[in-house]
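This note sets out points for a colleague who is examining the interfaces of the structure shown below. The points are numbered so that each may be checked separately against the coordinates.

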Amino acid sequence: MENLRMEKKSRRKIGGRNEEDRLSDLPDGVLLHIMEFLTTRQAVQSSVLSKRWKNIWKSLTTLSFRFLDGIRKYNKYVSHVLSNRDHSISLHNLHLTVFNSTAPKLLNNAIKYAALHHLQKLTLSIDFKFKEIPNSFFPLLFNCQSLIFLDLFISSSHSSLKLPPCLLLPSLKTLHLSNVTFTTRDNDSVEPFSACTSLTTLVLRHSMHHHSTQTLCISSLSLSTLKLESMVHSHTFTPKIVLSVPNLSSFTLENSYSSMCCELSCTCHLPVLKEVKIDNRVHIHSSIIINWLGLFSNVRTLTLSSHTLYILLKYLHVGAMEVQPPFFARLESIKIEMDCSNLISIDEIITGFDSVGKVPDKVI
Amino acid sequence: MGERGEEWEAVMLRKAEEEESKAVKKVKLVTSDGVTMEVEISTVKEMETIQAFMNATDTDNSIIFPLPKVSSHILSRIMELMSGEYDQELVKRLSHEELKEICMVANYLNMKTLLHLTASAIANLIQNKSVEFVRHFFNIINDFTPEEEVQLRKTHEWAFEGVDED
């Protein structure tokens, strides 16, 4: 307040305007709200603005540690912020980047701190150049019982994060995993998500490396949205994914890098399935796509990329139909997403569909 | 005939009631510079502070709500943002001063969407800017002694590494 009055006086002296009616100072709560959008590094910088600002950053419920040129003492930086913040305030949202230079102990301490301060959202971005990515933090993560969102992003192409066989995160609603390896103790099959009893959204990217198990079972009663993006990585065998997700409503499959595909199967009829999107950009046998479509024949809105359709229609034209094409009893609309490959024209799409007696509703 | 007449009366009564309730669905906001702005009740729904007041008073007459801290200029800017469904482009056109005031009013009237939008717009403006820029932006008078400031910068030295001073 003292600050505010001083400012008004000096402004009046200089400008001679009446500033009385203007609200000239944002309350601490609003300043904190603004700071939640800044990187933590800059939020901490604000402590030198004035005495009033000195401690505001300590009440932040979002901390975002990203790599910035110039921060040589990254480990010191993270632990300094964690130990100097106001410990009576919950930490809801943590974004932590892990580098080669990050001490495994630091990562573990951050997760321990988060577990004690009711962490709800964790984004862990791992930028690692060595073979073995430390995974000792995982059991500590299981202590974060309030965790509802987890994004593990591993950007290294050489190594992947070894997941424990079972993820004990009962409050978790959203899980994004990229570049992880599914491993198992005894047999070839792993079922990592069955203990995530609140999980509704699962996104898997570039996972299933060659050390991975052969069969991944995605079984969950709560799951409604599933997205698989270029799942298979440098394999000598075709890995299998078995879906056991009776409440699935949205499914997306994108395949753009690996020329291999996983073998997909499903143990239930997916009675509430609404939308399916398939975007395949690599050369695979069209019977694989027919098989995928067969799994999702209960769908209401089907979106195919033009490349996916190209492979599919080529097969139909040849007439060598060895597999029974799926019958979509509940289908309400088909959408075709044109990609830049120009393999297929809109006219060809219409003609292709005429031959099977159905015209797409929308070509985008 | 009598029965029908009663029915007719009931219809008219209901119509009159409806009309009356329609008339109530306006709120008069009186700004700091004495301008009265009449707004739809739906507009006020997002202003939780006013909404709470209305729920508490439960009056039949049209409501007059004084806003001694909000100028007519800022209130009309807020109305523009609301009718434009909080378009980012509209936010970009605001001056720094307008943006700060709208953010403050959004907080005062407890308008969550508007507060979120303006707070993130302000954060974008000051992201990666020097301490001096931020001081100027918020009209902050530095009340640290030079020694205190040096000490504080030393305490958080990693936060200032690689930051260019003006």
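1. The unreviewed UniProt entry annotates residues 112-159 of chain B as "domain: SKP1 component dimerisation". In this model, which is predicted, the chain is 73% helix and 0% strand over residues 112-159 of chain B.

2. How many residues of each chain take part in the contact between chain B and chain A? Chain B contributes 39 residues and chain A contributes 37. Between them the two chains bury about 3700 Å², and carbon and sulfur atoms give 64% of this area. On the side of chain B, the three residues that supply more of the buried area than any other three are B:Met104, B:Trp158 and B:Glu161, with 21%.

3. The polar part of the interface of chain B and chain A comprises 9 residue pairs in polar contact, both residues of each pair being at pLDDT 80 or more. The interface also holds 1 salt bridge. This salt bridge joins the side chains of B:Glu157 and A:Lys76, with an N to O distance of 4.0 Å. A salt bridge is counted here within 4 Å, a cut-off to be kept in mind when the distance of 4.0 Å for B:Glu157 and A:Lys76 is read.

4. Which elements of chain B give two or more residues to the side that touches chain A? They are α6 (96-108), α7 (112-126), α8 (131-137), α9 (146-155) and α10 (157-160) of chain B. The largest share comes from α7(B), with 7 residues. By residue class, the side of chain B that touches chain A divides into 18 nonpolar, 9 polar and 12 charged residues.

5. The area buried between domain 1 and domain 2 of chain A is about 860 Å², with 62% of it on carbon and sulfur atoms. In domain 1 of chain A, the residues that lose the most area to domain 2 are A:Leu31, A:Leu32 and A:Met35, together 67% of what that side buries.

6. Between domain 1 and domain 2 of chain A there is 1 salt bridge. A:Arg52 and A:Asp28 form a salt bridge in which the closest N and O atoms are 2.7 Å apart. The count of residue pairs in polar contact between domain 1 and domain 2 of chain A is 3, both residues being at pLDDT 80 or more.

7. Over all chains, the whole structure contains 16 salt bridges. One of the salt bridges pairs the side chains of B:Arg77 and B:Glu80, at 3.3 Å from N to O. Both B:Arg77 and B:Glu80 lie in helix α4 (residues 72-83) of chain B, 3 residues apart, which is about one turn of the helix.

Key:
Residues are numbered from 1 along each chain as its sequence is written. Chains are lettered from A and ligands numbered from 1 in the order in which they are written. This is a predicted model: local features need pLDDT of at least 70, side-chain atom pairs count only at pLDDT 80 or more; totals for chains, interfaces and linings use all residues. Side-chain values use heavy atoms; hydrogens and water are left out. Buried area is the accessible area (1.4 Å probe) that two parts lose on being put together, summed over both. A polar contact is a pair of N or O atoms within 3.5 Å; within protein, one must be able to donate a hydrogen and the other to accept it, and residues adjacent in sequence count only if both atoms are side-chain atoms. UniProt positions are given in the numbering used here, feature names are shortened, and annotations may be inferred rather than shown by experiment. Helices (H or I, at least four residues) and strands (E, at least two) are DSSP runs, numbered from the N terminus. Contact means heavy atoms within 4.5 Å. Ala, Val, Leu, Ile, Met, Phe, Trp, Tyr, Cys and Pro count as nonpolar, Asp, Glu, Lys and Arg as charged, and the others, Gly among them, as polar.
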